[in-house]
Amino acid sequence: MGKKIKKEVEPPPKDVFDPLMIESKKAATVVLMLNSPEEEILAKACEAIYKFALKGEENKTTLLELGAVEPLTKLLTHEDKIVRRNATMIFGILASNNDVKKLLRELDVMNSVIAQLAPEEEVVIHEFASLCLANMSAEYTSKVQIFEHGGLEPLIRLLSSPDPDVKKNSMECIYNLVQELNDLHIEALAVIANCLEDMDTVVQIQQTGGLKKLLSFAENSTIPDIQKNAAKAITKAAYDPENRKLFHEQEVEKCLVALLGSENDGTKIAASQAISAMCENSGSKDFFNNQGIPQLIQLLKSDNEEVWEAAALALAHLTTCNPANANAAAEADGIDPLINVLSSKRDGAIANAATVLTNMAMQEPLRLNIQNHDIMHAIISPLRSANTVVQSKAALAVTATACDVEARTELRNSGGLEPLVELLRSKNDEVRKHASWAVMVCAGDELTANELCRLGALDILEEVNVSGTRKNKFSEAAYNKLLNNNLSLKYSQTGYLSSSNIINDGFYDYGRINPGTKLLPLKELCLQEPSDLRAVLLINSKSYVSPPSSMEDKSDVGYGRSISSSSSLRRSSKEKNNAGFGSPIEDKSEPASGRNTVLSKSATKEKGWRKSKGKKEEEKVKEEEEVMAVPKFVGEGSSEKEWCPPSDPDFSMYVYEVTKSILPITNIKEQIEDLAKYVAEKMGGKIPKEKLPDFSWELHISELKFQLKSNVIPIGHVKKGIFYHRALLFKALADRIGIGCSLVRGEYGRAWNEVMLQNDSRKGVIGGLPAPEMYVIDLMFHPGGLMKLRSREADLYRFL
């Protein structure tokens, strides 16, 4: 055999790269390999990137930052199936990252991903392609892209895939796509609602017909969220007058009334708010009279207090300055539900309901109806609220409903005055103003006014009115109203009582006090020991002494009756004559001093006015004994003694005499003159100016204090009186017989009365009677004289 010859191996071609095995530990290096033209390298690089992406969100972000997404998108359409499969698997994982999803939308890869759902592709590709689409379909823009590239049909086909993961991913993606069908409309309406807050956008939407489309959604959709957002958009658009006009022309009111019947509370609330906005249009406001108000009243019976608030807000707008709508609310049986809302836990609901009740109470029949539903008790809780809006609206409701004595009595008995008075201290201007207004209304009767004063309303208002920033016209009016029901305090503080301020029994003149100074009550003053302080003058015609048995004219009432106001004396002459305090007194029963009066001509001719000197002395002693024994208590036989003010039989007689003798005079000027002479006679007669210093009235007053053992002196006991004694007596008697006069306090013990009279010299002026002029009455120097006031200070200085 021949020897074997070894075959020599041929060297590789010089133009061929020898195979190289590369091991990389850097993701950036592998990302660079995605641009390789070799299928094997691309497949292995994709496999490595897939495993890296599976490890967590940080790795996905790293791949994004390294620029891996863009070259991977090109591999989705690679000719090599393995490369294409691996790239699809990567996108199935990466698409869960929001930043990656955003970039994929920008690179417009949706068509390439959907192409991987083709029936001929492997199950693995179906799994990760559907996973990628499921992740992408969570956002609205991606949903649109999936629809536009026909992705829904292949996804539905994959529901029959044998692989459970493919089914799951396809079903999740389809579910997201179906939810788009509604959500886009809902969110689009929400966006439109926000855009409507910008006027330029409103114009654009209006010009492009967007508002009509908005109405179409509200009318035709049956999806609650779409209805709700459409109503919200209408609400915002309706703040513009032009939009309201357009909506009214499109009959938006019918649509909104229909939405009130929705089963969804959110839709009811939005519709109610839209009605509130549309109420600025008068036509819309009238439309809701028959359609809308009854439905809103029904919403007040809902279990949802947020619905109460929205419905009450709409009713508040509908009834403001609209009596017809207020009546419609009452006819729809709205009073009970509205009062029930006052106990709500939502401040807005309470404030709105109080506003509706206030609007309704502007009409007397409705106010009476509201009062019959226990409004005065229901409003107390809102008055105690910590919310200033609720406080303000509640105070306004009191103002509107407490317009008669019965309502104020109910409020007082229910304890409603206390929280109302506390609101006067509020730092909120609106609350303080409305509380002052309510107090002014409640001070319309004496009992309520006295209770308000007891609770400190007068003191608080006085403090408020001193402040230049806290006072308001209502706080000043409320203060004056309370003072008008406490004339003793008013005269002490202001030194003035007008002709409308009628002095009644229990009035006392303490003298001038400074603002902020407390005026002690009459009982406390009466129980004090006499001192060197100024005497307190008391007006009291009530008597606790039985009338003498020798009186004439048995039809007249006795001393125990008093005439408390001038209105009771403005009757027929016969009635007036029977309204006195006793019968004409026979000679033997005539009280002692000062009964010789300078009255009218008819009065001076009456018989039985003169007595013998001895009889007068006897009566004087008897009178002094009566003074010393003035009863301070009644009910001596009972365990509890009720305090009563000192009686004043002389003043009671004064009232009787002027009622009988001066009241029947028809000429007002003669009445004033005769009353002035009568008062002067009772207070010491005419006093010439030069003899005024010798008129020892101070000693007389001191003696009375000693006799009565008190600083309080009934006015009838004063027989020597100067200006302020006489002016007070004149005012007190004038008020009893209906002569309108004021009482003015001056300096240095001066006081005077002012009356308005027609100027006789101008009678016959063409066009009617001349304007009345102010006169001051002389009660000291020339009793009955009248001086016309031109320059008050100069004239009074000369006159007094």
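**Pairs, edges and a patch**

Student: What makes strand β8 (residues 751-757) and strand β9 (residues 773-777) a pair?

Tutor: Four bridges join β8 and β9 in the antiparallel sense. Two strands pair if DSSP finds at least two bridges between them, so β8 and β9 qualify. In one of the bridges, E754 has V776 in β9 as its partner.

By the way, this is a predicted model: local features need pLDDT of at least 70, side-chain atom pairs count only at pLDDT 80 or more, and totals for chains, interfaces and linings use all residues. Residues are numbered from 1 along each chain as its sequence is written, and side-chain values use heavy atoms, with hydrogens and water left out.

Student: Why are β1 (496-497) and β10 (786-788) said to stand at the edges?

Tutor: Their open sheet runs β1-β7-β8-β9-β10, with antiparallel pairing. β1 and β10 each have a single partner strand, so one side of each has no neighbour in the sheet.

Student: How do you know which way helix α42 (residues 723-736) runs relative to β8?

Tutor: Axes are lines fitted to C-alpha atoms, for helices over the stretch in contact (heavy atoms within 4.5 Å). Angles run from 0 to 180 degrees between N-to-C directions. α42 comes out at about 40 degrees to β8, whereas helix α40 (residues 668-682) runs at about 165 degrees to β8.

Student: Why is M171 called exposed?

Tutor: Exposed means over 50% relative accessible area, buried under 20%, and partly exposed in between (1.4 Å probe, protein chains only). M171 has 54%, so it's exposed. You'll find M171 in helix α11 (residues 164-195).

Student: What makes I156, L159 and M171 a patch?

Tutor: Patch residues have over 30% relative accessible area and no salt bridge (a Lys or Arg side-chain nitrogen within 4 Å of an Asp or Glu carboxyl oxygen). Nonpolar side chains (Val, Leu, Ile, Met, Phe, Trp, Tyr) are joined within 5 Å, like charges within 9 Å. I156, L159 and M171 form such a nonpolar patch, with about 270 Å² of accessible area together.

Notes. Accessible areas come from the Shrake-Rupley method with a 1.4 Å probe; for residues, only the protein chains shown count as cover. Helices (H or I, at least four residues) and strands (E, at least two) are DSSP runs, numbered from the N terminus.
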